[in-house]
Amino acid sequence: MEEDKEIERLIRRRWNQINWRIHNCDSYLRKEIKNQFKDYEQFRLHAISSGIELGYQTHRLDKDGHYSIDNTTFVSPEEHLRISSLERRVLTVNQVLIARDMHANGVSTHKIAKQFDCSQTTVWRCVTRKTYADIIEPSDN
């Protein structure tokens with residue numbers, strides 16, 4: 001039953017983190033994100049029924065939405081990193097493909113960055129596949 005105690009501690013930590021963020025993080029304050037759970041017990045029951053496991057992170061399905069039963073889930077750290085990385089992307093799939101094609105045809109990363117209104121580093125990391133590696137050019141078949 002030690003694992004049950006650890007799960008309870010994890011849920012309490014996630015509750016405290018939510019409440020800290022909504023009162024202290026500039027991005028949460030700017031977006032006016034709220035904790036819409038009635039109380040800790042409602043959050044606790046939601047976490048348990050959602051299958052929270054040790055190490056899981058709290059994730060809002062709509063990153064601009066409130067913490068609520070419909071918008072809060074719990075995911076592994078690896079899944080949370082994957083989701084968060086996708087949410088922070090600057091370029092669309094189409095822009096990535098165009099940027100790579102432009103670079104392959106000799107256009108500088110500086111000029112590409114200017115066209116897509118992003119940093120030269122973003123474009124360089126994209127065309128060298130350090131980022132956006134999951135985006136594969138369609139084959140000519």
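The legends below accompany several close-up views of this predicted model.

Residues are numbered from 1 along each chain as its sequence is written, and side-chain values use heavy atoms, with hydrogens and water left out. Because this is a predicted model, local features need pLDDT of at least 70 and side-chain atom pairs count only at pLDDT 80 or more, whereas totals for chains, interfaces and linings use all residues.

**View 1. Confidence along the protein.** The mean pLDDT (the predictor's confidence in each residue, from 0 to 100) is 92 for the protein, and 98% of the residues score at least 70. Confidence is highest in helix α3 (residues 40-49), with a mean of 97, and lowest in helix α4 (residues 77-87), where the mean is 84. Helices here are DSSP runs (H or I, at least four residues), numbered from the N terminus. Where pLDDT is low, the predicted coordinates should not be read in detail.

**View 2. Valine 93 in helix α5.** Valine 93 belongs to helix α5, which covers residues 93-104. With a relative accessibility of 49%, valine 93 counts as partly exposed; on this scale, buried means under 20% relative accessible area, exposed means over 50%, and partly exposed lies in between (1.4 Å probe, protein chains only). From C-alpha to C-alpha, valine 93 lies 36 Å from arginine 13, and the two are 80 residues apart in sequence.

**View 3. The packing of α5 against α6.** Helix α5 packs with helix α6 (residues 109-116) at an angle of about 150°, and their axes are 10 Å apart; axes are lines fitted to C-alpha atoms, for helices over the stretch in contact, and angles run from 0 to 180 degrees between N-to-C directions. The two helices, α5 and α6, are therefore roughly antiparallel to each other, a label for angles over 145 degrees, while those under 35 count as roughly parallel, 65 to 115 as roughly perpendicular and the rest as oblique. On the α5 side, Gln95, Ile98, Ala99, Met102 and His103 meet Thr109, Ile112, Gln115 and Phe116 of α6. The residues of this contact of α5 with α6 comprise five nonpolar, four polar and no charged, where Ala, Val, Leu, Ile, Met, Phe, Trp, Tyr, Cys and Pro count as nonpolar, Asp, Glu, Lys and Arg as charged, and the others, Gly among them, as polar.

**View 4. The packing of α6 against α7.** The axes of α6 and helix α7 (residues 120-127) cross at roughly 115° and come within 8 Å. That makes α6 roughly perpendicular to α7. In α6, Thr109, His110, Ile112 and Ala113 meet Gln120, Val123, Trp124 and Val127 of α7, and the residues of this contact of α6 with α7 divide into five nonpolar, three polar and no charged.

**View 5. Valine 127 in helix α7.** Valine 127 is part of helix α7 and counts as buried, at 10% relative accessibility. Leaving aside its neighbours within four places in sequence, valine 127 is in contact (heavy atoms within 4.5 Å) with Ala99, Arg100, His103 and Thr109. Threonine 109 is 18 residues from valine 127 in sequence, and their C-alpha atoms are 8.3 Å apart in space.

**View 6. Two residues with positive phi.** Most residues other than glycine have a negative phi. Aspartate 117, in the loop between α6 and α7, has a positive phi near 50° and is exposed, with a relative accessible area of 71%. Tyrosine 132, in the segment after α7, has a positive phi of about 60°, but tyrosine 132 counts as buried, at 7% relative accessibility.
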